[in-house]
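Colleague: I would like to learn how to read a sheet and its helices. Can you take me through this one?

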Amino acid sequence: MKNIVIIPNPKKEKSFEVTKKLIAILNKHNCNCMMSDSFSDSFEGVSFKNDSELFLDAQVALVLGGDGTILKAAVSCAKRKMTLLPSW
């Protein structure tokens, strides 16, 4: 099973719509979707973790946001030599 971190832009409603669709697709393919616990009120079908543990078991991070969201996620991914897949 793939462990995938999903990072939406918390300031863009469109990002949340796309994220919900992405979670449904990934769950159908037996992926374990993980997000920061700061999103626990907004999404279902996801494992929520605190930010310090979020990237520990993940193989890839999917970022749905703009430049700022991508850059912030890139720092965490680079520390762990993890693949980052941005989406604008």
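Modeller: Five bridges join β1 (residues 3–8) to β4 (residues 60–64), and the two run parallel. Strands (E, at least two residues) and helices (H or I, at least four) are DSSP runs, numbered from the N terminus. Two strands pair if DSSP finds at least two bridges between them.

Colleague: What should I know about the model and the numbering?

Modeller: The model is predicted: local features need pLDDT of at least 70, side-chain atom pairs count only at pLDDT 80 or more, and totals for chains, interfaces and linings use all residues. Residues are numbered from 1 along each chain as its sequence is written, and side-chain values use heavy atoms, without hydrogens and water.

Colleague: In what order do the five strands form the open sheet?

Modeller: Strands of a sheet pair through backbone hydrogen bonds, either parallel or antiparallel. Here the order is β3-β2-β1-β4-β5, with parallel pairing. β3 (47–49) and β5 (83–87) stand at the edges with a single partner strand each, so one side of each has no neighbour in the sheet.

Colleague: Which residues of α1 are buried?

Modeller: Buried means under 20% relative accessible area, exposed over 50%, partly exposed in between (1.4 Å probe, protein chains only). In α1, S15, F16, T19, L22, I23 and L26 are buried. They cover an arc of only 125° around the axis, taken from the directions from the helix axis to the C-beta atoms, which puts them on the same side of α1. The face turned away from that buried side carries the exposed E13, K14, K21 and K28.
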